[in-house]
Amino acid sequence: MQTAKKKRIITISVAAALAAAMATVGAVLAVMTRVTESRANNFTFGNVNIELDEPNWDEEDNILYPGRTVSKDPTVENTGINDLYVYLEVSIPKKTIRIADGDTISEAKLQDLLICGEINTDWTLLSEDDSDSDYHTVLYVYNKMLKAKPSDAPDGYSDHRTTALFSEVTFVNAVEGEPEDAAFDMPITAYAIQAEYLSDEEIDPSDTEAFKAIMQNAFNKYLKETA
């Protein structure tokens with residue numbers, strides 16, 4: 001009896017968390033200079049499921065050198081049964097390097113190694129954190145609700161998939177041999193919130209500041225509840 005009772009309490013606690021907070025998935029992809037592996041780790045909570053993908057990422061073409069651009073197009077797909085709002089958190093690696101600009105070489109300083117391509121207008125910048133010595137972290141939210149894909153969805157249905165946040169990254173024009181590390185990564189993490197969690201909010205992406213406040217508060221609450 002004691003075991004059964006304990007099990008029931010755990011089940012109720014998890015159900016309450018689902019109703020009160022985010023149902024979340026985390027996934028990580030990396031771009032490296034000398035490692036040919038691109039990794040994707042996906043986790044599921046409740047009935048919410050997402051996949052983080054980079055359709056144009058080439059695992060055989062990931063060696064960077066100063067000024068080189070490679071395809072990197074993070075995209076999120078709703079593979080679960082709940083409508084969602086999704087976020088992408090990009091962690092841009094930082095190292096102490098010098099930058100070459102023609103015949104001029106800058107002083108060595110801690111700075112981003114990669115420059116992201118143009119940000120798609122379907123995404124909104126929420127926040128930036130440049131306080132860490134290893135990564136400059138940037139958080140974006142998708143402007144549209146990501147629908148669950150119906151079982152009878154017609155060919156070409158795409159409301160369950162985001163557009164790419166950006167399409168490429170460029171290695172800064174660092175002085176040859178810098179940084180000294182042979183490899184570095186660029187973690188990208190995807191988060192999802194059940195749309196029902198925000199059902200009482202008037203979500204209007206055209207009202208940029210209000211939209212940012214709602215989505216940032218929801219994200220902050222998730223972090224607090226999972227800390």
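Which residues of the largest nonpolar core touch the most other members? Val76, Val86, Leu88, Val90, Leu114, Trp123 and Phe171, out of 30 residues in that core. A nonpolar core here is a set of buried Ala, Val, Leu, Ile, Met, Phe, Trp, Tyr and Cys residues joined through side-chain atoms within 4.5 Å. Buried means under 20% relative accessible area, exposed over 50%, partly exposed in between, with a 1.4 Å probe and protein chains only.

Ground rules next. This is a predicted model: local features need pLDDT of at least 70, side-chain atom pairs count only at pLDDT 80 or more, and totals for chains, interfaces and linings use all residues. Residues are numbered from 1 along each chain as its sequence is written, and side-chain values use heavy atoms, leaving out hydrogens and water.

Strand 5 (84-97) gives the largest share, six residues. Strand 2 (50-53), strand 11, strand 12 and strand 13 (188-194) also give two or more each. A second, separate core has 15 residues, including Tyr191, Ile193, Phe211 and Tyr222.

Now the whole chain. There are two helices and 13 strands. These are DSSP runs, numbered from the N terminus: helices are H or I, at least four residues, and strands are E, at least two. Buried residues make up 40% of the 227. Take contacts (heavy atoms within 4.5 Å). Among those between residues at least 6 apart in sequence, 70% join residues at least 24 apart.

Two strands pair if DSSP finds at least two bridges between them. Strand 9 and strand 12 (residues 168-171) pair over three bridges. Cysteine 116 has valine 169 of strand 12 as its bridge partner.

Buried or exposed? Histidine 136 is buried, because its relative accessible area is 11%. Its side chain makes a polar contact with the side chain of glutamate 128, at 2.7 Å. A polar contact is a pair of N or O atoms within 3.5 Å; within protein, one must be able to donate a hydrogen and the other to accept it, and residues adjacent in sequence count only if both atoms are side-chain atoms. Beyond four places in sequence, histidine 136 also touches other residues, among them Val90, Ile92 and Asp112. Aspartate 112 is 24 residues away in sequence and 7.1 Å away in space, C-alpha to C-alpha.
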